[in-house]
Structures are given as structure tokens and as C-alpha cells.
There are 2 protein chains.
Amino acid sequence: MDTLTFTFEPGGRPLYEQLYRRIAAEIASGRLKAGERLPSKRALGAHLQISVNTVDGAYRMLADEGYLDSRPRSGFFVLALPRTLAAPTPRPAAAATPPSPDAACRYDLRTGLVDPDTFQPDLWLKLARKVMPRMGAHLAAGDPQGERVLREGLTRHLREFRALDASPDQMVVGAGMEYLLGLLAKLTGDGAVYALEDPGYPKLRTVLANSGVAHRFVGLDEAGMRPDRLRASGADVAYVTPTHQYPMGITMPVGRRLELVAWAEERRGRYIVEDDYDSEFRYAGRPVPSMTGLTRSEKVVYIGTMSRSLAPSTRCAYMVLPPALLAAFRQRFGTYACTVSMLEQHLLAAFIGDGLLVRHLNRARTLYRRRRERLLDALGGAFGDRLRIHGANVGLHLLATLAGGPGEKAMKARAAEKGVRLAGVTDFAASDAARLPRNTVVIGYAALHDAEIAPVVRRLAAAWATA
Amino acid sequence: MDTLTFTFEPGGRPLYEQLYRRIAAEIASGRLKAGERLPSKRALGAHLQISVNTVDGAYRMLADEGYLDSRPRSGFFVLALPRTLAAPTPRPAAAATPPSPDAACRYDLRTGLVDPDTFQPDLWLKLARKVMPRMGAHLAAGDPQGERVLREGLTRHLREFRALDASPDQMVVGAGMEYLLGLLAKLTGDGAVYALEDPGYPKLRTVLANSGVAHRFVGLDEAGMRPDRLRASGADVAYVTPTHQYPMGITMPVGRRLELVAWAEERRGRYIVEDDYDSEFRYAGRPVPSMTGLTRSEKVVYIGTMSRSLAPSTRCAYMVLPPALLAAFRQRFGTYACTVSMLEQHLLAAFIGDGLLVRHLNRARTLYRRRRERLLDALGGAFGDRLRIHGANVGLHLLATLAGGPGEKAMKARAAEKGVRLAGVTDFAASDAARLPRNTVVIGYAALHDAEIAPVVRRLAAAWATA
């Protein structure tokens with residue numbers, strides 16, 4: 001009974017718990033050995049001057065948890081733990097995520113950002129006040145395709161602004177484009193091969209590779225993905241960004257859209273995925289109808305996202321599935337919870353339903369239009385004809401080609417030396433097949449404050465002066 | 001020029017847009033044919049009595065979008081669309097999700113629900129007021145593993161309540177357990193085979209199948225997953241619910257925990273996944289240390305979720321990865337956005353950081369403890385010894401076995417006739433290997449209002465009276 005002689009901490013945990021901990025520790029350390037019989041409850045109670053009930057409580061917990069074996073009319077025996085653990089060594093600390101190498105850059109002209117000023121906390125708080133009291137009725141995981149009220153709002157928005165007539169029943173809401181593409185890759189059939197634009201959005205390759213889906217790269221011409229190359233690739237699903245090709249900024253003409261859809265119509269299992277990521281921001285010309293809206297083909301999947309229209313922090317994207325893929329979704333993912341939280345879904349539904357999304361888009365479009373014009377003016381003033389701008393009609397980035405420049409790499413490096421971080425077109429290219437313009441950088445201007453335009457352009461002018 | 005003779009709608013869209021639409025429609029319908037030359041801007045302007053600029057605007061948009069070819073000094077020509085579209089037929093309406101067959105049941109005793117009264121809208125609104133003004137600084141997609149402030153809060157919580165010492169750097173936050181298991185299935189190596197508890201959570205099979213990962217079912221004994229069967233299965237990864245086996249309610253003793261971890265330690269590529277889904281609600285005995293905390297083995301992955309501790313609507317789960325899997329995560333998913341929205345993450349971080357999660361859990365535990373006791377009393381009063389209760393120490397469901405009952409199917413059917421929906425243990429069984437108690441149903445009581453307990457038990461007593 002020596003090992004069990006100890007003093008209780010007064011005013012600490014309940015006595016039975018202190019005793020439980022002590023005995024468990026003795027067993028774990030090996031001081032109490034397998035097969036050993038513990039003192040009777042009465043004896044230990046008397047020894048430690050505690051009640052029999054307290055000892056009973058501790059013994060029973062130890063038995064519950066597999067430390068002790070309770071044998072009727074014999075008492076409690078230490079059980080053999082299959083593997084006595086050495087004194088636990090602390091886990092090696094996990095390495096923190098390495099900081100980005102460009103963290104030092106003063107100005108960030110990467111794509112994929114939005115202007116912090118477009119976020120209106122008061123408006124969202126107002127929506128939260130409206131929505132929160134109702135959330136007690138929505139504590140379950142909800143509809144696998146997303147809340148109906150949100151899908152109704154989104155389809156109404158698509159009808160009014162993208163001439164896309166979809167039913168809420170065809171729509172699937174999910175936590176971002178990456179998540180939805182991961183789902184889609186499982187719906188388009190085993191062994192389906194995806195065609196990706198080259199140059200294009202690098203993350204698509206990662207998502208497809210992570211989904212175990214093969215892909216081929218297909219080069220572009222001035223109208224977007226080349227149908228001849230697509231055909232030659234042997235791919236089944238063509239993933240395109242027709243409104244504003246990422247990153248080249250090409251708006252795919254109607255003819256090319258129809259040509260691609262015709263390719264998909266030729267064979268069973270073929271699809272077009274239309275990623276309409278930043279269609280909300282169009283500054284010149286009028287909106288081209290979406291491929292989905294234009295053709296009403298059952299071969300086109302439409303994917304939209306709140307990442308640009310609202311902010312990447314939102315984590316809400318949506319896709320419109322043709323009947324065959326919708327059936328596959330319901331069969332394979334019909335028991336899943338929608339990955340967007342119910343609060344977020346109801347906030348967004350109220351945002352859209354109250355007409356605030358349209359107002360937000362108008363406000364943001366005006367802001368970005370003005371910013372784009374100022375940036376174009378400033379670049380024109382600094383570089384004149386030496387810098388050709390393209391792909392600037394839609395979206396939140398543009399391309400700039402420096403005539404007789406020192407090469408894209410040198411342009412990026414010199415800009416970085418001056419504190420300006422930007423990407424070059426080759427950063428988006430996957431293969432040599434991508435015929436890229438030389439001396440061309442990609443400028444994301446969404447998060448560039450108006451006051452920063454002049455200094456950024458000055459720095460770029462200094463960086464590229466000797467070119 | 002006849003086809004282009006039409007009257008403008010006064011006060012409608014801008015004239016250039018009306019003209020654009022009209023010409024596009026004529027081309028789409030085939031009335032204007034490929035190769036046809038459009039009238040000069042001046043001529044059409046004079047004909048329609050509009051300005052040359054208006055015609056110019058319409059022609060240029062049509063050229064931009066691939067309807068027209070602009071030939072310098074020759075004019076505008078209709079381009080060949082690769083495939084003339086017939087008048088678009090409306091898409092067939094997608095079938096709405098079929099309503100659940102049990103929708104008519106008055107009382108829902110399924111598992112996976114929480115009590116609506118545990119949701120405190122005022123508290124969440126207060127948090128929203130605190131967090132929302134800061135969200136403008138968090139519009140980007142954020143850390144792939146989840147916001148650091150949230151991971152710090154969650155690891156602190158695990159340290160204090162689950163004796164689990166993890167670093168925030170090891171933690172990955174994601175939109176629900178299904179999502180995280182989908183990720184994990186890609187991290188544990190190609191060809192890894194998962195062992196699932198049988199009976200167990202049916203959704204796990206679906207998620208693994210959707211991830212292209214093979215699984216084997218492993219039966220249970222009174223301590224949980226059987227190590228001999230696990231060994232015989234040839235599986236690499238054992239997925240277990242040791243705190244409160246789903247659905248059998250078994251708390252895995254320490255010895256079995258260590259035995260399973262020892263199995264994993266034997267070979268490279270083996271892992272234990274510890275799903276701790278409802279550990280927060282323990283009513284009898286004291287908490288058994290988590291396998292991860294107990295062994296500090298680098299072979300254990302811990303998965304926790306907010307679905308039970310808060311609500312399924314939250315869509316936030318988290319896992320603690322050992323170093324090898326963390327490295328794999330960063331390599332394969334390091335460019336992904338975290339699937340939980342930034343707003344949700346910051347709300348949860350404030351909720352945990354302000355000590356509100358602990359308070360919420362205490363409140364909910366008290367509520368569920370009282371409900372469980374009332375339910376047990378009522379069942380005892382109605383059935384006496386005929387109904388044996390088990391698996392009720394932890395969590396939000398219990399098992400009830402009716403001595404000499406008419407069989408599980410009949411018990412469920414008769415309960416449904418009386419308006420009570422509940423599951424039987426075989427609903428969770430995957431194979432004949434699962435040795436299941438007969439006449440046993442699973443009763444989820446989390447969303448059962450106190451006032452409903454008496455009527456529900458009365459209905460069950462009536463349903464099972466003739467047994």
C-alpha cells in the first residue's frame with residue numbers, strides 16, 4: 001500500500017478524482033504492475049482517511065477505463081496495458097508555414113485581391129441583426145446543395161445579369177471554387193480527362209491532380225482555347241474562362257463559344273466548364289452572354305464565385321449542373337452537408353434578396369473603373385506607346401507589354417527591387433505550347449489604393465527605364 | 001436593309017444596345033447570313049434616323065463579340081457561326097430533391113441534431129459587433145490551415161479539456177468532418193486502406209468511396225474495434241470513435257487505445273484516426289484521455305468538430321496532424337483557401353477566446369444531462385426492466401434494447417406508426433460481421449424537448465406493448 005500513500009491537495013479536485021489520477025499514474029509508470037491486486041476499498045479508505053465511497057468512485061472509473069479489472073468477490077486487479085509507454089516525449093514542434101519570400105514588397109499587384117473599402121461592416125451587421133434571430137431554426141446541416149433561399153437568390157441574379165436561365169434545383173453551393181471543382185471532377189466520370197487553358201489558373205492543375213483526374217494543356221489563340229488543339233488533346237472536359245481569360249484577359253467571341261459547345265455536343269461524356277469568375281466587372285463593351293445562357297446546352301457547367309464579386313474571404317461558390325451531372329451529384333454527395341455554414345448562407349441570401357449585391361457590384365464597379373482609368377492614364381503618361389495594355393476590358397487585372405523590354409523575368413525582378421510585386425504571364429504557363437507575348441506582366445489593381453497609383457507607376461518607370 | 005428596319009422602344013435601353021440586340025438576333029436566327037455585308041454606318045444611321053455614333057457603337061460591340069468581322073475600308077461582314085442554334089428550347093426543369101419519406105413523423109429521435117435552445121442569437125450578435133469592423137482587413141482567403149487565432153483557441157481548448165497538447169501549426173481547420181476526411185484520405189498515401197468500425201457512421205464509407213480510397217469493415221467487441229480483426233483486415237488506417245463509439249456508445253478503455261496505437265506504430269504508413277465527435281458531453285465517469293493526448297504518438301490523427309459542441313450548421317471541424325501528414329498537407333493543399341469563411345472563423349475564434357465556448361458547453365451539458373435523466377426515468381417507468389439502456393454515458397444518443405421484442409425492424413415500424421422516428425443498430429451495420437444486439441434502437445435525444453419526453457415515451461410504450 002506504500003505506493004498509494006499520498007496526501008490530498010486540500011481545496012483542489014474532488015478526492016475521488018485525485019485518487020483516480022494517482023493510481024492511473026502509478027499504473028502508467030509501471031510502479032503498480034499488471035496482475036497486482038489493489039487494497040480493498042475499506043482498507044485503502046481507512047489508510048488514507050477517506051470514505052469507502054470515495055475509493056469506490058475512483059476504482060470504478062479506473063475499471064471503466066480499462067486500468068483495472070473488477071473481479072466479483074475478489075477485488076480490483078491491475079490490467080496489463082499492451083505496451084507500457086515510456087515517459088511521453090513532447091512532440092516535435094511543427095514547423096510554422098514559411099513566410100512568403102515577397103513579403104517585403106511595399107506594393108502588391110497580384111491578382112485575386114479585392115479593395116478593402118468595398119467591405120461595408122455596418123451593412124453586414126445590419127444583415128446579421130436581421131438573420132441571427134432566425135438561426136436557431138437552422139442548426140441542422142441543411143440542404144446538401146445549399147439553402148434554397150440562397151439558390152433562389154443566385155439563380156435570379158444569374159437570370160438578370162448573365163442572361164442565364166437556371167433552376168435553383170440545378171444549383172450546388174460550396175465552399176469555394178476549388179471545392180466545387182473537386183466535386184465536379186468526381187461527377188464527370190472515371191477516367192475523364194480535363195483540358196485546361198494554357199496559360200491559365202495554376203490552381204486548377206493542383207485541384208485536378210489532388211482529385212486523381214488527368215489533365216492536358218491546350219493553348220490559346222486570340223479568341224481563347226483553340227478547338228483544334230482541344231480536339232487533338234483527347235480531353236473530355238474543357239475548362240474555360242470565356243468572359244475574361246485568366247490571365248490573358250481575352251473575351252471569347254460568340255463564335256468560339258458555340259464552336260466549343262458544339263465540340264462537347266459531339267460525344268457523350270464531354271462537357272464544357274464555364275468559369276465566370278470576374279464577369280461582374282466589365283468596363284468596356286457590353287456583357288457577352290455566358291456560354292451556358294447562350295446555348296442552353298446540357299453540356300455546359302457554369303461556375304460562379306463570390307470571391308471577386310464580394311471577397312475571397314467569403315468562401316462561397318456555386319455551379320449550375322446539367323441533368324446528368326446533377327443526378328450524379330445527388331447519388332454520390334446527396335448525404336453530404338453543404339460546406340458553407342448556415343449563417344453565411346443566410347447572410348448571403350439576405351444580401352442578395354435585399355438587392356444589396358447589385359448595389360455592391362455597382363459601387364465596386366464604379367470604384368474599379370475609376371482606378372483602372374487612373375492606372376491606365378498614369379501608365380500612359382510614364383511609358384507612352386512603349387507599354388501596350390491588353391485584356392483590360394473586364395475584371396480586376398490587366399496585361400502590360402513593354403516594347404523592347406529586358407524580358408519578363410528582369411521586369412519582375414527590377415520591379416521587386418523597387419518594392420512592387422507583380423506576376424509575369426509565364427507564371428501562368430504550364431508548357432512550351434503556350435505562345436506567350438514577351439515582356440508581359442500581369443497587373444492586379446483591385447487592392448491598389450488610388451493614392452498608390454502614382455508612386456507605383458513611378459517605381460515601375462524607374463525599374464524599367466533602362467530597358 | 002429590310003431586316004434591319006425596326007422601331008426603337010422609347011425610354012427603354014440605350015439605342016446602341018437595342019440595335020446591337022436586334023442585329024445579334026438576326027444573325028442568330030439566320031436571317032442575316034454569314035458573309036453578308038452590313039449597311040454602312042452612315043446609311044443605316046440615316047435609314048433608322050439615329051446618329052452614326054450609335055451605329056458605330058453597336059457594330060463595334062458585335063465585332064468584339066465575334067458576330068461581325070470588321071474589314072478596314074470595306075465595312076462589317078457577318079461572321080460564320082460554327083453551328084446555327086435552333087431557337088433555344090427551355091431546359092427541362094431539374095427534379096427537386098425528393099422529400100424524405102419520414103417527413104410525416106411528429107417526433108424525430110435521429111442522432112446528429114442539437115437543441116435549438118442552446119443557440120443564443122444575442123451572444124452571436126454581440127460577437128458579430130465585435131468582429132465585423134475588423135473584417136475589412138481579412139478579405140483575402142487567409143491561411144490554408146485556418147486562421148491562426150482560431151487554431152490557437154482550439155488547441156488551447158483541447159489542452160484544457162482533452163489533455164491534448166498540440167501546436168496550432170499542426171492543426172488544419174476545414175468545412176466539416178466530411179471535408180477533412182476527404183483531405184486526409186489523400187494524405188495517408190496512395191493505396192492506403194481504411195478500417196472502419198462496423199457498426200459505424202455510414203457517411204464515412206461514402207466519403208472514402210468518393211475519395212477513391214478502399215475500406216474494410218472491422219467488427220467491435222465490448223471495448224471497441226477488435227485488434228485481431230483489424231490486423232486480419234490488412235488495413236493501414238484505423239478510423240475509430242473511442243470516446244463514444246458511433247452508434248454503440250462504447251467508451252474504449254485505455255488498454256484498447258494503447259493496443260491500437262501500438263498496432264499503428266508497428267509499420268510505416270499506418271495511422272489511427274481518432275474521431276472525437278461528441279466528447280464534450282460526458283455525464284457519468286470522468287473523461288478518458290484522448291488517444292492522441294494519451295500516447296502522444298505520431299501515428300494518431302485527432303479530428304474534432306463543432307457540429308455537436310455547437311451545431312451542425314456551423315460547418316467547422318479541425319484535425320491535428322502528425323508531422324509526416326502535415327508535410328503532405330502543405331505540399332498538396334498549401335495553395336488552397338481554408339474552406340471556412342473568414343467571418344465564421346473570426347466569430348468562432350472570438351467565441352472561444354472570450355471563454356464563451358466553455359460556458360456554452362457547460363450550459364448545454366447541464367441541459368442534456370437533465371434531458372437524459374428525464375428520458376431514462378420515463379423509459380424506466382414505462383418499460384421497467386424490459387428495456388435495457390446502454391451507451392448513455394457520453395454524447396447525445398443512447399441505445400435501448402427491448403427484451404423479447406418483436407425485432408428491430410418491427411420496433412422501428414411500429415414507432416413510426418405512432419409518429420416517432422428512430423434508427424435501429426442495423427442501420428449502421430455494413431456487414432454480417434457486425435455482431436449486433438437484437439431488438440435495439442438508437443435514440444437521439446438532443447433535440448427532444450423536455451415537454452415531448454412524456455408523449456414520446458407513451459407512444460413508444462404503446463408501439464411496443466404487444467411485444
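Predicted model: local features only at pLDDT ≥ 70, side-chain atom pairs only at ≥ 80, totals over all residues.
Student: Hi! What does the secondary structure of chain A come to?

Tutor: Chain A has 16 helices and 16 strands. Its radius of gyration is 31 Å, well over the 23 Å that the globule rule gives for 467 residues, so chain A is more spread out than a compact globule.

Student: What does the C-alpha trace span along its principal axes?

Tutor: For chain A the span is about 95 × 55 × 50 Å.

Student: And how many of the residues count as buried?

Tutor: In chain A, 58% of the 467 residues are buried. As for contacts with a separation of 6 or more, 71% of those in chain A come from residues 24 or more positions apart.

Student: Let's zoom in. Which strands does S8(A) pair with, and in which sense?

Tutor: Strand S5 (residues 194–198) of chain A pairs with S8(A) in the parallel sense over three bridges. S8(A) also runs parallel to strand S9 (residues 271–275) of chain A, joined by four bridges.

Student: Which residues are bridge partners there?

Tutor: A:Leu196 has A:Tyr239 in S8(A) as its bridge partner. Towards S9(A), A:Ala238 is partnered by A:Ile272.

Student: Over to chain B. What is the strand order in its open sheet of eight strands?

Tutor: The order is S4-S11-S10-S9-S8-S5-S6-S7, with mixed pairing. The edge strands are S4 (171–174) and S7 (224–225) of chain B, each of which pairs on one side only.

Student: How do S8 and S9 of chain B pair?

Tutor: In the parallel sense, over four bridges, between residues 237–240 and residues 271–275. B:Val237 has B:Tyr271 in S9(B) as its bridge partner.

Student: Where is there a hairpin?

Tutor: In chain A, S1(A) and S2(A) form one with three residues between them. The two strands, residues 68–71 and 75–78, are antiparallel over four bridges, and A:Ser70 stands opposite A:Phe76. In the turn, A:Arg73 has a positive phi of about 65°.

Student: Now helices. Which residues of H7 in chain B are buried?

Tutor: B:Lys203, B:Leu204, B:Arg205, B:Val207, B:Leu208 and B:Asn210. What the buried residues of H7(B) pack against includes helix H6 (177–187) and helix H12 (323–333) of chain A, along with helix H6 (177–187) of chain B. Just after H7(B), B:Gly212 takes a positive phi of about 70°.

Student: What about A:Lys203, buried or exposed?

Tutor: A:Lys203, which lies in helix H7 of chain A, has 18% relative accessibility, so this lysine counts as buried; the cut-off is under 20%.

Student: And which residues does A:Lys203 touch?

Tutor: Leaving out residues up to four places away in sequence, A:Lys203 touches A:Glu178, B:Thr335 and B:Ala337.

Terms used:
Residues numbered from 1 in each chain as written. Chains lettered and ligands numbered in written order. Heavy atoms only, no water. Pairing = 2+ DSSP bridges. Rg over C-alpha atoms; globule rule 2.2 N^0.38 Å. Buried < 20%, exposed > 50% of the residue type's maximum accessible area, 1.4 Å probe, protein only. Contact = heavy atoms within 4.5 Å.
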